[in-house]
Amino acid sequence: MRILIIEDDTSLVSGLKKALVPAGIAVDHETSGLGALGVAPSEAYSLIVLDLGLPDLPGQDVLRRLRDNGCEVPILILTALGEVKDKVRCLNLGADDYLTKPFDLGEFEARVRALMRRSKGRPAPALKCGNLVFETSSATATLSGKPLLLRRREMAVLAVLMADAGKLVRKERLISEIFSFDEPVAPNAIELYIGRLRHKLGADGPKIRTVRGLGYLMEEK
Ligand code: CA
C-alpha cells in the first residue's frame, strides 16, 4: 500500500509519515502541485492526500487536473481553517473527504484507512494463506489463531505476498510498495525481511519460496 502526500509543509508531512509508515503504508511526498501531477499517474497509489495551499498551484486545480486526467484514486483534502468554504467545491470536483488543520493524527490515520478500504484494487479486509491470517484493517497477523509478532516492514512484505499468494511477486514490486522514494534501501533489505518472516512462520506456517533472480512466492504448507 502506497500513498502520495502533496503538501509543502514538510514538518507536517514528517508527522503524517510517523502515523502511516508503522502501519505498513509507504508514503511518497511532493511539495508542489506540478510535481505531484508528474508522479501521480506513474505509480499505483491507494490514496492521495492533497493540501489546498500549495506554492505553485491551488490544490483545487491539482484536484481538477487529476480527475480530468482520469485519476480515480481516492483523494483526502487538507484545508487550513480559512479554506473551509472551499470544501464543497472540492467535494464537487471529486474529492472523497477532507480534514481541517490542525487535526488529530489518530483521526487522520482513521480517515486514511477508511478511504483505502474503498480504494479500487485494495486487498480484501482479511488475507488468508493456510493457517496464516492477516487483518488489513488492523495490520495484525495470526498463525493458527496465535498473534504473530512482526515489525512494520515484515508486516508490509507479508501483506504483499499474501495478497498474491500462489503467484510470483517480483522483488522490485516489494521494494516499491514498502519503501518511499526518499528512503535508502539496502541491497539485501528484502532478503533480510524474507528470512525473518520464514523464521517466524516456522515449520507449520505457509512457505515463502525464492524464485531465483525474480522474486518470491508464498504458498500454503
Ligand atoms: Ca500548504
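# Domains, salt bridges and buried residues

Q: How do you know which residues are judged here?
A: This is a predicted model, with residues numbered from 1 along each chain as its sequence is written; local features need pLDDT of at least 70, and side-chain atom pairs count only at pLDDT 80 or more.

Q: How do you know where domain 1 and domain 2 lie?
A: The domain assignment of the protein chain places domain 1 at 2–119 and domain 2 at 126–219. Such bounds come from an automatic or database domain assignment. Taken over C-alpha atoms, the centres of domain 1 and domain 2 are 27 Å apart. Their contact (heavy atoms within 4.5 Å) takes 13 residues from domain 1 and 12 residues from domain 2.

Q: What is the area buried between domain 1 and domain 2?
A: It is about 960 Å², with 48% given by carbon and sulfur atoms. Buried area is the accessible area (1.4 Å probe) that two parts lose on being put together, summed over both. On the side of domain 1, Arg-2, Val-21 and Arg-113 lose the most area to domain 2, together 38% of what that side buries.

Q: What makes Glu-7 and Lys-101 a salt bridge?
A: Their closest N and O atoms are 3.0 Å apart, and that is within the salt-bridge limit. Glu-7 is in the loop between strand E1 (2–6) and helix H1 (10–20), and Lys-101 is in the loop between strand E5 (97–100) and H5, so this pair ties together parts that are 94 residues apart in sequence.

Q: Why is Glu-7 called buried?
A: Its relative accessible area is 1%. Buried means under 20%, exposed over 50%, and partly exposed in between (1.4 Å probe, protein chains only), so Glu-7 qualifies as buried. Lys-101, at 23%, counts as partly exposed.

Q: What makes Asp-97 and Arg-111 a salt bridge?
A: Their closest N and O atoms are 2.9 Å apart, again within the limit. Asp-97 lies in strand E5 and Arg-111 in helix H5, so the pair ties together parts that are 14 residues apart in sequence. Asp-97 is buried at 18%, whereas Arg-111 is partly exposed at 25%. Elsewhere, salt bridges that share partners join Glu-7, Asp-51 and Lys-101 into one network.

Q: How do you know that Arg-64 forms a salt bridge with Asp-68?
A: The closest N and O atoms are 3.8 Å apart, which also meets the limit. Both residues lie in helix H3 (residues 59–68), 4 residues apart, about one turn of the helix. Arg-64 is partly exposed at 33% relative accessibility, and Asp-68 is exposed at 59%. The structure holds 15 salt bridges.

Q: Why is Pro-41 called exposed?
A: With a relative accessible area of 65%, Pro-41 passes the limit for exposed. Pro-41 sits in the loop between helix H2 (33–39) and strand E3 (47–51).

Q: Why is Asp-164 called buried?
A: Its relative accessible area is 17%, which falls under the limit for buried. Asp-164 lies in the loop between helix H6 (152–163) and strand E10 (168–170). Leaving aside its neighbours within four places in sequence, Asp-164 is in contact with Val-169 and Arg-173.

How values were computed. Side-chain values use heavy atoms; hydrogens and water are left out. A salt bridge is a side-chain nitrogen of Lys or Arg within 4 Å of a carboxyl oxygen of Asp or Glu. Helices (H or I, at least four residues) and strands (E, at least two) are DSSP runs, numbered from the N terminus.
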